Amino acid sequence: SSRSSKLAFTLAIGVLLTLPLSAADVIKADNANALNDPNSWVGLATPTSADVAVWDATVLAANTVNLGATTNWAGIRIVSPGGAVIITNAATTLLIGGSGVDTSGGSQTLTLACPVALATNGVNSPWNIVSGVTLSAGLGGTNILQKTGSGTLTLGFATALGTAPIQLDAGTVFATAFNTNLILLNGGTL
């Protein structure tokens, strides 16, 4: 009956609305366009705070790109690009949300040569690092950067760590200068 169909439809919508939303993958195009340029991405849409920026085999060689503007992404994943990924621009900040950084699916390194801030949403920012990641322009925010994976996180800036605490669960964190009050050692090497 029509009433049964409406009830079934309403229940189906209710179930769908209760399912957790996951971040969409936005794939980097094989170019060096600034990351705030839609042409920098497959599908011509820049990542948002609900998306994970992904470098995969679409990028055929090393990729040095300018952030372009202060940007907010759910996370970054380095899968299998043709070379190292370097994101530059000391004048802009990359805000990374609850999806964190994941290099577990590839062998290429990631250098964030722009200030990085962790979203202030009360959720740990998981950084599953297998190939190396370098932060060279600072780390801020109040969420915890939760470092897992066997790789090395290098804090390459000369000043104190910043405001974001780091929880080291596995692998290595190498820092030239840092505030030891912001490091929680659960495993791995400091």
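Mentor: What follows starts with the salt bridge, moves along its strands, and then turns to the sheet and the chain as a whole. Keep in mind that this is a predicted model.

How many salt bridges does a search of the whole structure find? There is one. Its partners are Arg77 and Asp25. Their closest N and O atoms lie 2.4 Å apart. Arg77 belongs to strand β4, while Asp25 belongs to strand β1. The two residues are 52 positions apart, so the pair links distant parts of the chain.

Are these two partners buried, partly exposed or exposed? Arg77 has a relative accessible area of 23%, so Arg77 counts as partly exposed. The cut-off for buried is under 20%. Asp25 is also partly exposed, because its relative accessibility is 43%.

Strand β4 covers residues 71-78, and Thr71 is part of it. Is Thr71 buried or exposed? Thr71 counts as buried because its relative accessibility is 12%. Which residues does Thr71 touch, leaving aside neighbours within four places in sequence? The contacts are Thr93, Leu94 and Leu95.

Strand β1 spans residues 24-27, and a loop lies between it and β2, residues 51-55. Asn31 sits in that loop. Its side chain makes a polar contact of 2.8 Å with the side chain of Lys28. The side chain of Asn31 also reaches the backbone nitrogen of Asn33, at 3.1 Å. Beyond its neighbours within four places in sequence, Asn31 is in contact with Asn39, Ser40, Asn63 and Val65. Two of these numbers lead us onward. Strand β3 is residues 63-66, and the contact list of Asn31 includes Asn63 and Val65.

That brings us to the sheet. Six strands form an open sheet with parallel pairing. What is their order? The order is β3-β5-β7-β10-β13-β15. Strand β3 is one edge, and β15, residues 172-175, is the other. Each edge strand pairs on one side only. From one strand to the next, the twist averages 15°.

Look inside the sheet for a moment. Strand β5, residues 85-88, runs parallel to strand β7, residues 110-113. Four bridges join them.

Leu135 is buried because its relative accessible area is 0%. How far is Leu135 from Cys114? In sequence they are 21 residues apart. In space, their C-alpha atoms are 7.8 Å apart.

Finally, the chain as a whole. It has one helix and 16 strands. Of its 190 residues, 39% count as buried; Thr71 and Leu135 are buried too. Among contacts with a separation of 6 or more, 39% join residues 24 or more positions apart. The chain exposes about 8,800 Å², and carbon and sulfur atoms supply 60% of that area.

How values were computed:
Residues are numbered from 1 along each chain as its sequence is written. This is a predicted model: local features need pLDDT of at least 70, side-chain atom pairs count only at pLDDT 80 or more; totals for chains, interfaces and linings use all residues. Side-chain values use heavy atoms; hydrogens and water are left out. Buried means under 20% relative accessible area, exposed over 50%, partly exposed in between (1.4 Å probe, protein chains only). Contact means heavy atoms within 4.5 Å. Accessible areas come from the Shrake-Rupley method with a 1.4 Å probe; for residues, only the protein chains shown count as cover. A polar contact is a pair of N or O atoms within 3.5 Å; within protein, one must be able to donate a hydrogen and the other to accept it, and residues adjacent in sequence count only if both atoms are side-chain atoms. A salt bridge is a side-chain nitrogen of Lys or Arg within 4 Å of a carboxyl oxygen of Asp or Glu. Two strands pair if DSSP finds at least two bridges between them. Axes are lines fitted to C-alpha atoms, for helices over the stretch in contact, and angles run from 0 to 180 degrees between N-to-C directions.
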